[in-house]
Amino acid sequence: MSTTRKQHLNVASATPKVGDEHNRQLEQAESQLQKLQQQREEIERKRLEAEEITHQRQDFIDGQIELLERLDHSVQAVDREIFEARQGLKELEDARKTFASHLQTLQGIDPRKWKKTKMPEEVQNAMDILEACENDYEEVVATISEGRRRGFLSTPKSAAQDSFVSTVRQGLAFNLPIIVLGSIALLVYLSR
């Protein structure tokens, strides 16, 4: 009987060891589960960060493309403006030179110093110079006025627009008398 009792005691003393082992394994499993959960959360956080960086990168690329296009267009527009401004400035400088030259020429003519014997020749030369200066003046003023009208910094109208408007005006000018006469004839005919 004593062997039975010993066995019973060994079983009883072995049971808590199995339970401790089971608890220890359970704690290890929970610890590993917690670590896996933390790793999963860390991976999820990194994935969200990566997505946010990807979105920000795409926003940058889109913004960069848009701004590059606007800047390129603006650089080209400013280059055109500078070119046209230089052309306008050149026109003004040429006009000033022409005016100054004619001013000096006309100021240099003093009718009081003409010799009476060469009066007809002097008058004719002076009138020729005056007419040439006046023609140049009118031409330069027209050129400057045209530049001011379209603006030195604006793009000129297309030739097609000018041509169409000009054609309509000319057509109306040429055909207006015929239209008026035809209308009068039609009214006379209908009033009979």
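**Chatting about charged side chains**

Colleague: Let's start with R45. Is R45 buried, partly exposed or exposed?
Modeller: R45 counts as partly exposed, because its relative accessibility is 39% and that class runs between 20% and 50%. Keep in mind that this is a predicted model.

Colleague: Okay, and which residue does R45 form a salt bridge with?
Modeller: That would be E49. The closest N and O atoms of the two are 2.4 Å apart.

Colleague: Where do E49 and R45 lie?
Modeller: You'll find both in helix α1. They are 4 residues apart there, which is about one turn of the helix. E49 is partly exposed too, with a relative accessible area of 39%.

Colleague: Why can side chains pair up like that at all?
Modeller: Opposite charges can pair when the charged atoms of the side chains come close.

Colleague: Next one, then. What meets R47 in a salt bridge?
Modeller: The side chain of E44 does, at 2.4 Å from N to O.

Colleague: How many residues apart are R47 and E44?
Modeller: They're 3 residues apart in helix α1 (residues 2-107), so about one helical turn separates them. As for the surface, R47 is partly exposed with a relative accessible area of 38%, and E44 counts as partly exposed at 34%.

Colleague: What about K90, which residue is its salt-bridge partner?
Modeller: K90 forms a salt bridge with D94, and their closest N and O atoms are 3.1 Å apart. Both sit in helix α1, 4 residues from each other, or about one turn of the helix. K90 has 45% relative accessibility, so it counts as partly exposed. D94 also counts as partly exposed, at 35%.

Colleague: How many salt bridges does the structure hold?
Modeller: It holds 9. The pair K90 and D94 is one of them.

Colleague: New topic: charge on the surface. Which residues gather in a patch of negative charge?
Modeller: D128, E131, E134 and E138 gather in that patch on the surface.

Colleague: Where is D128 found?
Modeller: In helix α2, which covers residues 119-150.

Key. Residues are numbered from 1 along each chain as its sequence is written. This is a predicted model: local features need pLDDT of at least 70, side-chain atom pairs count only at pLDDT 80 or more; totals for chains, interfaces and linings use all residues. Side-chain values use heavy atoms; hydrogens and water are left out. Patches are made of residues with over 30% relative accessible area and no salt bridge: like charges are joined within 9 Å, nonpolar side chains (Val, Leu, Ile, Met, Phe, Trp, Tyr) within 5 Å. Accessible areas come from the Shrake-Rupley method with a 1.4 Å probe; for residues, only the protein chains shown count as cover. A salt bridge is a side-chain nitrogen of Lys or Arg within 4 Å of a carboxyl oxygen of Asp or Glu. Lys and Arg count as positive and Asp and Glu as negative; His and the chain ends are not counted. The place of a charge is taken as NZ of Lys, CZ of Arg, CG of Asp or CD of Glu. Helices (H or I, at least four residues) and strands (E, at least two) are DSSP runs, numbered from the N terminus. Buried means under 20% relative accessible area, exposed over 50%, partly exposed in between (1.4 Å probe, protein chains only).
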